[in-house]
Amino acid sequence: VKPGVGLNIGKKRGPPLALWLSLGAGTVAVVVLLAVGMSKRTMPNPDTAAPTPGPVAAGPTEAEKKEAEKKEAEKKLVQAKADFEKGEDYNIGRNGKNQNFETAREWYEKAAKQGNAAAQFKFGKMCSRGSGGAQNYVAARKWYEKAAQQNHADAQNDLGSLLYNGDGGPKDIWKAHEWLEKAAQQNHADAQRNLGLWYAAQGSAADYKKAREWYEKAAQQNHADAQNLLGDLYYYGRGGPRDYPMSRQCYEKAAQLGHPAGQRNLGRAYDLGLGAVYDQKTALEWYRKAAAQRDKEAIEHLKKKN
């Protein structure tokens with residue numbers, strides 16, 4: 001290596017200038033054209049090159065999916081409600097529709113299958129009563145249960161009654177108690193009365209005490225039968241001390257509400273002077289009112305009086 005000249009490792013050196021000059025202009029031109037041609041073959045043409053793939057369109061997010069599902073569910077609920085109202089139109093005979101139980105039953109069934117709790121209850125009720133079609137306790141129990149699971153108090157009460165009586169399936173008093181209590185806790189007066197009956201049927205002192213509590217809750221809602229049943233517990237001293245004046249008060253409230261057994265029991269209170277002033281005239285008046293409603297015991301009392 002000559003002094004003052006650096007190493008040129010890895011670099012290609014072109015031909016010396018003298019060589020280019022010796023080749024002549026024509027030869028140089030050919031070399032240049034060849035170089036340009038090779039350059040064209042190696043460089044991509046922007047007009048013919050394959051397009052670069054763009055970003056893939058993103059699908060709906062989870063939040064968007066949930067919102068769409070929510071809107072669809074709301075749409076179905078609106079339709080089910082409209083079908084239920086048509087059932088009401090034909091069941092009651094309103095909005096220009098003639099009363100037609102068969103048509104009402106069809107609309108209730110349609111709405112019930114869409115999940116409308118009120119329609120499920122009404123369709124079950126028609127199946128239970130045989131309104132607009134055949135009586136079918138099995139179907140009634142099925143549809144009551146669907147509505148009951150949506151916390152429909154009427155359905156819970158009626159389902160409890162079917163279970164207690166063994167209509168439409170096996171008798172199950174404990175399952176009946178469960179559904180009656182759910183309805184009673186919603187302040188359903190019939191369910192409160194029925195739950196009182198459930199406890200009274202068990203017969204123990206503790207059960208009679210619970211019966212009193214539930215009868216009282218229903219009686220506070222002016223439930224005539226609960227008033228009369230509560231009067232019986234006071235009259236016979238079940239679930240607490242015997243109390244004739246309290247029994248007479250309960251009977252009187254039931255009687256004023258037109259309850260035939262309450263009217264007959266109030267007549268008995270005046271007839272025997274138990275919790276009330278002995279008064280045969282008033283006793284006969286209440287016996288006659290009860291008898292007018294075909295109360296058998298009241299009719300027997302009047303026969304004895306005559």
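Helices (H or I, at least four residues) and strands (E, at least two) are DSSP runs, numbered from the N terminus. The model is predicted: local features need pLDDT of at least 70, side-chain atom pairs count only at pLDDT 80 or more, and totals for chains, interfaces and linings use all residues. Residues are numbered from 1 along each chain as its sequence is written, and side-chain values use heavy atoms, with hydrogens and water left out.

**Figure 1. Overview of the protein chain.** The chain contains 15 helices and zero strands. Of its 306 residues, 34% are buried; here buried means under 20% relative accessible area, exposed over 50%, and partly exposed in between, with a 1.4 Å probe and protein chains only. Contact means heavy atoms within 4.5 Å. Among the contacts with a separation of 6 or more, 43% join residues 24 or more positions apart. The accessible surface is about 19200 Å², and carbon and sulfur atoms hold 54% of that area. Accessible areas come from the Shrake-Rupley method with a 1.4 Å probe; for residues, only the protein chains shown count as cover.

**Figure 2. The largest nonpolar core.** A nonpolar core is a set of buried Ala, Val, Leu, Ile, Met, Phe, Trp, Tyr and Cys residues joined through side-chain atoms within 4.5 Å. The largest one has 22 residues, of which Tyr108, Phe123, Tyr144 and Leu159 touch the most other members. At least two residues of this core come from each of helix H4 (101-113), helix H5 (117-129), helix H6 (137-148), helix H7 (153-165) and helix H8 (173-185). H6 gives the most, with six residues. Leaving aside residues up to four places away in sequence, Leu159 touches Arg141, Tyr144, Glu145, Ala148 and Trp179. A second, separate core has 19 residues, including Ala191, Trp198, Tyr208 and Leu230. In soluble globular proteins, nonpolar side chains tend to be buried together.

**Figure 3. Asn157 and its contacts.** Asn157 lies in helix H7. Because its relative accessibility is 5%, Asn157 counts as buried. Apart from residues up to four places away in sequence, Asn157 touches Leu180, Ala183, His188, Asp190, Ala191 and Asn194.

Figure 4. Lys182 is part of helix H8 and is partly exposed, at 36% relative accessibility. Ten residues separate Lys182 from Gln192 along the chain, and their C-alpha atoms are 9.8 Å apart. Asn187 sits in the loop between H8 and helix H9 (189-202). Its phi is near 70°, a positive value in a residue other than glycine. Asn187 counts as partly exposed because its relative accessibility is 46%.

**Figure 5. The largest pocket.** On a 1 Å grid over the protein atoms alone, a pocket is an open set of points with protein on both sides within 12 Å along at least five of seven lines, whereas a cavity is a set of points where a 1.4 Å probe fits but cannot get out; lining residues have an atom within 4 Å of a point. Grid points are joined across faces, edges and corners, and a volume is the space filled by probe spheres set on the points. The largest pocket holds about 170 Å³ of space. Its lining consists of Glu216, Ala219, Gln220, Gln227, Leu230, Tyr234, Met246, Gln249, Cys250 and Lys253. Helix H10 (205-219), helix H11 (224-236) and helix H12 (244-256) each supply at least two of the lining residues, and H12 gives the most, with four.

Figure 6. Met246 lies in H12 and is partly exposed, with a relative accessible area of 28%. Met246 and Ala276 are 30 residues apart in sequence, with 10.0 Å between their C-alpha atoms. Ala255 is also found in H12; with a relative accessible area of 3%, Ala255 is buried. The C-alpha atoms of Ala255 and Asn228 are separated by 8.2 Å, and the two residues are 27 apart along the chain. Not counting residues up to four places away in sequence, Ala255 touches Gly262, Gln263, Leu266 and Trp286.

Figure 7. Cys127 is buried, at 1% relative accessibility. Cys250 is buried too, with a relative accessible area of 5%. A search of the whole structure finds zero disulfides, a disulfide being a pair of cysteine sulfur atoms within 2.5 Å.

**Figure 8. Arg294 in a loop.** Arg294 is placed in the loop between helix H14 (280-292) and helix H15 (296-305). Its phi is positive, about 65°, although Arg294 is not a glycine. Most residues other than glycine have a negative phi. Arg294 counts as exposed because its relative accessibility is 74%.
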